[in-house]
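Hi there,

Here is the structure I promised to pass on to you. Have a look at it first, and then read on for my notes on what turned up.

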Amino acid sequence: MRIPSALKFFGAVVALALLAGCSTYGSVATPIVRNHPQMIVKSTPMYSCPATGTIVYVSDFADDVVNVYSGRFSGQQPCGQIGAGHLKLPAGIFVDTSTHDLYVANMFDFSVTVFHRGQNKPYNTYTDPSGQVVQDVTLAGDGTVIASNVKQYGGPEAGSLSTWTAGPNGGTFVGNFPMTNDAQGGFLTLKKNGTVYFNDVDAKSGLGAMWKVSCRAGVCGPQTRVKGVSFASPSGMMFDATGDLLANDEVAGTADTFELPNPSPKTFPLLAGGGVGMAIDEKDKHWYAADPLNNDAAEYLYPSGALAGIVPGNQGGWPIGVAVDP
């Protein structure tokens with residue numbers, strides 16, 4: 001029996017979470033094949049990661065923290081754990097490589113929280129006043145904060161994009177822009193030319209679709225569907241330095257590389273359970289994937305897809321997002 005995708009769980013899970021006023025869901029997702037006898041137990045926040053050099057962040061949707069790793073994935077324990085007491089249902093995450101700040105899509109508070117590298121407490125929070133369940137986040141070249149939303153809590157809107165002009169004390173909210181023809185919003189990424197690409201669950205087919213839109217100064221214009229591209233389950237995406245679009249497809253269990261406008265990707269297989277959030281380390285050519293169904297995160301060589309290592313999640317955890325600070 002195929003286990004439903006983590007993304008398709010989100011709408012129901014988040015709605016139940018908010019109604020119950022609880023943000024711990026270790027029992028929601030069923031593990032598929034792997035087990036982790038040395039699984040980390042969430043404890044008092046700690047941080048001993050290096051001040052410089054590559055680190056990898058993995059958000060834990062169930063335990064309301066972000067684990068931090070230094071060096072290769074190979075069963076290592078995290079060198080840091082941040083956000084305890086400041087995050088509620090953290091999902092997609094993004095690193096601004098110019099400042100080394102970490103942006104976290106914080107579902108329960110309808111917000112994006114921002115951390116300086118090495119700090120446990122956020123220094124800024126961007127909140128959508130219309131009550132959007134934020135799933136992923138990126139930062140435009142002009143400093144605009146852009147988030148993708150699963151749905152509007154308690155309202156009629158399905159997926160959408162929200163934008164803010166960057167600044168202290170939450171910046172300035174620009175607007176909320178509904179996605180086109182979707183049942184549920186997905187993840188997003190930004191191309192070097194400033195075009196926003198996002199995916200969603202199509203209202204008609206129930207499959208993942210991909211769209212693009214310009215959001216100049218935070219004002220998003222008409223949305224255009226990327227022809228021919230579909231996913232069994234839309235998951236994390238990003239562009240590499242060559243302009244190729246990289247994406248996880250959790251249910252298909254593949255890591256996809258698109259040379260758009262060609263809609264047929266090159267793929268390599270992900271471990272059983274697939275992966276939701278993804279990130280690329282351009283320097284070392286490694287592909288990272290967060291796997292909530294098996295409560296771990298995996299590291300693959302790119303573009304070969306050879307497995308380089310796995311780290312277990314927190315006890316009862318649900319890893320969703322992953323980001324690299326080079």
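Is cysteine 49 buried or exposed? Cysteine 49 has a relative accessibility of 10%, so it counts as buried (buried means under 20% relative accessible area, exposed over 50% and partly exposed in between, with a 1.4 Å probe and protein chains only).

Before the rest, a word on the basis: this is a predicted model, where local features need pLDDT of at least 70, side-chain atom pairs count only at pLDDT 80 or more, and totals for chains, interfaces and linings use all residues. Residues are numbered from 1 along each chain as its sequence is written, and side-chain values use heavy atoms, with hydrogens and water left out.

**Disulfides**

The structure holds 2 disulfides, each being a pair of cysteine sulfur atoms within 2.5 Å. One of them joins cysteine 49 to cysteine 79, with an S to S distance of 2.0 Å. This pair links distant parts of the chain, 30 residues apart: cysteine 49 sits in the loop between strand E1 (46–47) and strand E2 (55–60), and cysteine 79 in the loop between strand E3 (65–70) and strand E4 (80–82). (Strands here are DSSP runs of E, at least two residues long, and are numbered from the N terminus.) The torsion about the S-S bond of cysteine 49 and cysteine 79 is about 100°, so this disulfide is right-handed. Cysteine 79 is buried too, at a relative accessible area of 12%.

The other disulfide runs from cysteine 215 to cysteine 220, again with S to S at 2.0 Å. Its S-S torsion is about 105°, which means that this disulfide is right-handed. Cysteine 215 is buried at 7% relative accessible area, and cysteine 220 is buried at 11%. With the bonded cysteines of the chain numbered in sequence order, the pairing reads 1-2, 3-4.

**A sheet of 4 strands**

There is also an open antiparallel sheet of 4 strands, in the order E9-E10-E11-E12; two strands pair if DSSP finds at least two bridges between them. Strand E9 (132–139) and strand E12 (172–178) are the edge strands, each pairing on one side only. On average, neighbouring strands of this sheet are turned by 25° against each other, direction ignored (the axes are lines fitted to C-alpha atoms, and angles run from 0 to 180 degrees between N-to-C directions).

Strand E10 (residues 145–152) pairs with strand E11 (residues 160–165) in the antiparallel sense, over 5 bridges. Asparagine 149 has serine 160 in E11 as its bridge partner.

Best wishes
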